[in-house]
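Please take a moment to look at the chain on the screen before I start to describe it.

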Amino acid sequence: KGQVIKCKAAVAWEAGKDLSIEDIEVQPPRAGEVRVQVKYTGLCHTDAYTLSGSDPEGAFPAILGHEGAGIVESVGEGVDHVKEGDAVILLYTAECRECKFCKSGKTNLCQAVRATQGQGTMPDKTKRFSCKGKELYHFMGCSTFSQYTVVSQYSLVGINPKAPLDKACLLGCGVTTGFGAATKTANVEKGSNVAVFGIGCVGLAVIAGSVDAKAGRIIAVDTNDGKKSWADKFGATDFVNPTKLPEGKSIVDHLVEMTDGGLDYTFDCTGNVHVMRNALECCHKGWGVSTVIGVAAAGQEIATRPFQLVTGRKWQGSAFGGVKGRSELPGLVERYLQGTFKVDEYITHSTTLDKLNEGFKYMKSGDCVRCEYPE
Ligand code: NAD
Ligand code: DAO
Ligand code: ZN
Ligand code: ZN
C-alpha cells in the first residue's frame, strides 16, 4: 500500500506483434483512483482489434484487456464507494453519477473519464505503468492484462464477494452487452419475434436476454453451422445459415416470410455493415426496431433506403447494453448467484497470463466463445 508494486503483465509493445510477458511496475493510486489486483480477465475482439493496429485510438506500448474482475488492493484519497479487499468488476463504460450524461437518465455513456480513457491515460493525463524504464499506456480505462492495474474510481463497481471472479469477469463486456441490448436498449416485449445476427458471446447474450423477456420466436442467424447447437442451448427457437438459402433467396426475404411480415426486434452482433442493413430491412413495417451492437472496422459506413425508416422501421445502437455499471451490475451478479442469469455457459477455453497469446488464437479460431485466464 502506497508503494510501487512489481508484478507480471502482458505488454503490447507495438501493433501487430504478440503480447510479451514482462515484469512491470505499477504506481500507487492517486486521488480518485483505485489499485486493483486483477484475478481474472476475459479476452474480447476489441483487444485483438487494438493489438492489430486497426484501432485509431490505440496507443503503444500499452497494457490491453478490459473484461476483468479482481480485488481492491488500495484506494487513493477521496474514494468512498469501494475499499481495500472489496471484490470488483472493472468498467470500460464508467459511471460518475455527476456528469450531464449520467444525470440525463437517457444514456449509460458517462463522459467523466472518456477523453483521457481514449488517450490511454488516467484522468490527470499521466500513467501508472512502466516497464524497462518506459511508461506504458492504459487501455479502455481498465488494462486487465496485468496482475495489478490502476483505474478511476468511476471505472469499477463493488460486487457480492460470494461471486466467483472467474465468471464475474465476463460481466465486464460481452455478456452484459448482449443481455442489456435486448432487455434495456431494445426492451424486447413478451411474445415478440426476434432475430439475432452473429452468434458469438454477444449474440448468445442477446438470445439469453430475449428469453428473459419472454420473446415468442428467437431466430439465430450465423454463417457458421457450428453455432446452431450454441443458439439452441441458450434458447433460440430457430437457426438460419444465410449462406445456405435456396438459390436466389435473400436472407431478408427468408426472414420476412418466416415471420409473416418481419421481425419486431433484430440485433447485429457481427460488426459487418452489410449484415446491419439486412438486420434493419427484415424488421416489420411500421414498428420493427434494429439495434446495432457490432463494432465495424474503422471507416466503414452503413446504408439503406430512407424509405425503410419512413415506413416505420427504427435503427439504433447500444454500447455495453445500455447498462450503467455501478448502478446495475451488482443486480446482475445477484441474479447470477440466484441461478436466474447464465454466465458459466459462455466459457469455452481457459488459459493463464503467460499463455495469453494462445488465448487470442482460440478466440480467432471461430469456435471459441470466450476465454479467461487465472493469474
Ligand atoms: P464473435 O466473433 O464471437 O461472434 C461473431 C459471430 O458472427 C460469429 O459466430 C460469426 O460466425 C458470425 N458472423 C460473421 N459474419 C456473419 C454474417 N455475414 N452473417 C451472420 N453471422 C456472421 O464476436 P462477439 O465477441 O460475440 O462480438 C460481436 C460484436 O460485438 C463484435 O463486433 C464486437 O466488437 C461487438 N461488441 C460490441 C460491444 C458494444 O458495447 N456495442 C461490446 C462488445 C462487443
Ligand atoms: O464515446 O462515450 C463514448 C463511449 C464509447 C464506448 C463504446 C463502446 C462500444 C464498443 C466497445 C467494444 C467492445 C469492448
Ligand atoms: Zn469487449
Ligand atoms: Zn458520468
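Let me begin with a question: in which loop is Met-140 found? Met-140 is found in the loop between strand 7 (134–136) and strand 8 (148–152), where strands (E, at least two residues) and helices (H or I, at least four) are DSSP runs, numbered from the N terminus.

What you see is a predicted model, in which local features need pLDDT of at least 70 and side-chain atom pairs count only at pLDDT 80 or more, while totals for chains, interfaces and linings use all residues. Residues are numbered from 1 along each chain as its sequence is written, and chains are lettered from A and ligands numbered from 1 in the order in which they are written. The mean pLDDT, which is the predictor's confidence in each residue on a scale from 0 to 100, is 96 for the chain, and 100% of its residues reach 70 or more. The model also scores ipTM 0.98 and pTM 0.97.

Now to the chain as a whole, which has 12 helices and 17 strands. Its radius of gyration is 21 Å, close to the 21 Å that the globule rule gives for 375 residues, so the chain is as compact as a globular protein of that length; the radius is taken over C-alpha atoms, and the rule is 2.2 Å times the number of residues to the power 0.38. Along its principal axes, the C-alpha trace spans about 65 × 40 × 40 Å.

The domain assignment, which is automatic or comes from a database, gives domain 1 (5–172 + 342–374) and domain 2 (178–318). Their centres, taken over C-alpha atoms, are separated by 30 Å. Across the boundary, 10 residues of domain 1 are in contact with 10 residues of domain 2, contact meaning that the C-beta atoms, placed from the backbone, lie within 7 Å.

Next, please find ligand 1. Of the 29 residues around ligand 1, Gly-198, Gly-200, Val-202, Gly-271 and Gly-294 come nearest, and a residue is near a molecule or strand if its C-beta atom, placed from the backbone, lies within 6 Å of it. Helix 1 (45–52), helix 5 (174–185) and helix 6 (201–212) each supply at least two residues of this shell, and helix 6 gives the most, with 3 residues.

Let me finish with the backbone details that I promised. Most residues other than glycine have a negative phi, and most peptide bonds are trans. Met-140, however, has a positive phi near 50°, and Met-140 is buried, because 27 other C-beta atoms lie within 10 Å; buried means 20 or more such atoms, exposed means 12 or fewer, and partly exposed lies in between, with C-beta atoms placed from the backbone. Arg-97 likewise has a positive phi, of about 70°, although it is not a glycine, and Arg-97 lies in the loop between strand 5 (87–90) and helix 2 (100–104). Is Arg-97 buried or partly exposed? Arg-97 is partly exposed, because 13 other C-beta atoms lie within 10 Å. Finally, the peptide bond from Phe-60 to Pro-61 is cis, with omega near -5°, and Pro-61 lies in the loop between helix 1 and strand 4 (67–75).

Terms used
Contact = placed C-beta atoms within 7 Å.
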